[in-house]
Amino acid sequence: MKNVIEVKHLTKSYKAHKAVDDLSLEVHEGEILGLLGPNGSGKTTTMNCILSLLKFDNGKITVFGKEMTPSSYDAKAKIGVVFQEVAVFDELTVYGNIDYFCGLYIEDKETRAQYVADAIKLVGLEDCTKQYPKQLSGGLLRRLNIACGIAHKPKLIFLDEPTVAVDPQSRNNILDGIKKLRDDGATIVYTTHYMEEVEILCDRVIILDRGKIIASGTNDELKALAKIEEKVTVEIPELSPKQLSGFEKIKNVSEVEYDNGVLKVVYRRGKNNLGDMIEYLKENRINYDKIFAERPTLNDVFLELTGKELRD
Amino acid sequence: MTVSKAFWRIVLKNIGTIVTYTVILVVFGSINMNSNSTTTQFEAKKPTVVIFNHDADGALAKSFVDYMEKHTEISDEYENDDKLKDALFYETVAVAVDIPENFSTDLAAGNNPEIHMQSSAGYVGELAKVSVRRYLMMAQSYASLDLNESELVAKVEKALSKDTIVEVKSKVDSSKFLRAATYFNFANYSILACVITIICLIMASFNRLPVRKRNLVSAVNIKRMNAVLLRNSCIYSGLMWLFYLVVGFVVVGFDNLWNTYGLLFAINSFVFCVCATCIAYLISKFVQKSGAINGIMNVVALGSSFLCGAFVPAEYLPAGVLTFAHVLPSYYFIDANNKIIYLENFDLASLWPVILNMLIMAAFCVGFVIIANIVSKKKQKIA
């Protein structure tokens, strides 16, 4: 598979603090790569180094097969960036902003008009084209921010936490738009600390902590790193200490926790854990309200690898 | 093209600012122009004098009264009482002259008789006293020649009949151009306000970190983008200069500006516009928040306009203020405007004080650009 980005031994320090520490990664053509990590893990710094917005101490960065420098305008012409902060002109309308940023790449007036219309449609801002950014809600503003970054139909798109502080409706809209961009052939680097988004969107995930890659792979590959297989949660209004100790003896159970009428049972391995649990409850005549099983999340993987939550 | 288009769209979004400062210029500038207007026509008014003649038969006393009648307005409404004192206090009478008995005989004999005078406190009273003393001194001078009374009267009257001719050699009616100078002096504020506000707001929009980052990762060379912004800033300032020149023709009057003086005012204001652009360029390197831009613009535009005599003529400002104003380009702009109106010749020697002021403004421009570039480079290093 062709690599769009190759980063080798990237190191970037701010005085004594190493923001990125000997980081190497590859981004394959046509994939959505998720850069997952808590705040301060080095996601944005890595992205800024790749984009030549930051000078780095060591390492080599190649984009589209050529070394990336501030004057790599050929490569830059094929890149679109959606920054974490909303980067638009307050004095220009929604259309004016998208037209301006698209105009930095596309000179032909007719092509640009078509691209701008496509971007507006993609993010669902058809009704707001004449409004100014200050007249938009937070969600619509984020959508505008995305439209400004992708209007010129780039082959490589960087999305830096584009859904921060966005309402659920706008978030779904944005995620659908990103999937469509991938389907249209774009390669996407998506940085976030929302694991749910990574699980929905990304073909491959790199988990960062303290400037280092601590794990990488597909969602399933990463989840396989977790020592737990499944979590079963049962809502039981009343449970005696004797009944509670009985759960620990069930096969493959590694952890049992009962708090506030909710029983959480963690299984190491095995299949049909949910069926076994239902059978056990029936046999022991334990009444329950709800029961459901969960596969381990990336947060569980992160927790196991670092000992802390992703959103710490 | 895209950058230029965005630049002018932002200008149009802020057109209200330009309109506001132009209205301020037209309204307050016009008020200022009318309050500073001068007139070349005046009517001479003679001071009112009261004469108590106790030597009515004397030839010299009669001659003195005739002389005073010629140069003053003699009133016979008053007696030597409190009413006269009130009239002197309120300056309705400039001077009251008491001619003593035997005045003519004594004067002809060279005895220097004393004339008692009561005058009002103002300058008109002093002028009237000068007229009285002039006659007496003349008569006393001729009295030493041992002439009889009638000969003495003839000599004195002949001498006093000679008028001194005063000729104003200046060909220029400076009052004609005072309106233009007042307009351009007041334009100091509007030019600074419009140029600084708009350019700084545009630069702030483009230099706001997220937007700047997006521009930096784009396919456009950031140096070229900055050059486009700078070029458009200069075009904007040029258009503002042209606009205020046209407004000047309307407000001051076409005839008052369509001449060599108008050309000098135009050149001077153009140099100042360039200077204002450099000030805006420098401020944009320091300040990037729109609220702060308005604050700084007010300090710079209002402050320099007050200190350098844009609103109040420089001659009314304290010396200390004017000394401080020398560090501001507005001082040289306003000073040049004030010098232009008194120009009589347009050779290099006459024009040199005006040219020197323009050169000083140009030097300010160079200084501002150098400081701005140093600041810019330091900021890049920090980033």
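I began with burial in chain A: of its 312 residues, 42% count as buried. A reminder to myself that this is a predicted model.

Next I looked up the secondary structure of chain A and found eleven helices and 14 strands. I then took the extent of chain A along its principal axes, and its C-alpha atoms fill a box of roughly 75 × 45 × 35 Å. For contacts in chain A with a separation of 6 or more, I noted that 67% join residues 24 or more positions apart.

Chain B has 383 residues, and 37% of them count as buried. Its C-alpha trace spans about 110 × 45 × 35 Å along the principal axes. I also checked the radius of gyration: chain B has 33 Å, while a compact globule of 383 residues would be near 21 Å. Among the chain B contacts with a separation of 6 or more, 78% are between residues 24 or more positions apart.

Last, I picked one helix pair in chain B. Helix 3 (residues 59-71) of chain B packs against helix 6 (residues 123-143) of chain B at an angle of about 145 degrees, and their axes are 10 Å apart. Which residues make the contact? From helix 3 of chain B I listed Leu60(B), Phe64(B), Tyr67(B), Met68(B) and His71(B), and from helix 6 of chain B Ser131(B), Tyr135(B) and Ala139(B). Sorted by class, this contact has six nonpolar residues, two polar ones and no charged ones. I noted the crossing of helix 3 and helix 6 of chain B as right-handed.

Definitions and conventions: Residues numbered from 1 in each chain as written. Chains lettered and ligands numbered in written order. Predicted model: local features only at pLDDT ≥ 70, side-chain atom pairs only at ≥ 80, totals over all residues. Axes fitted to C-alpha atoms, helices over the stretch in contact; angles between N-to-C directions. Helix = DSSP H or I, 4+ residues; strand = E, 2+ residues; numbered from the N terminus. Left-handed = near helix turned anticlockwise from the far one by under 90°. Contact = placed C-beta atoms within 7 Å. Nonpolar A, V, L, I, M, F, W, Y, C, P; charged D, E, K, R; others polar. Rg over C-alpha atoms; globule rule 2.2 N^0.38 Å. Buried ≥ 20, exposed ≤ 12 C-beta atoms within 10 Å, placed from the backbone.
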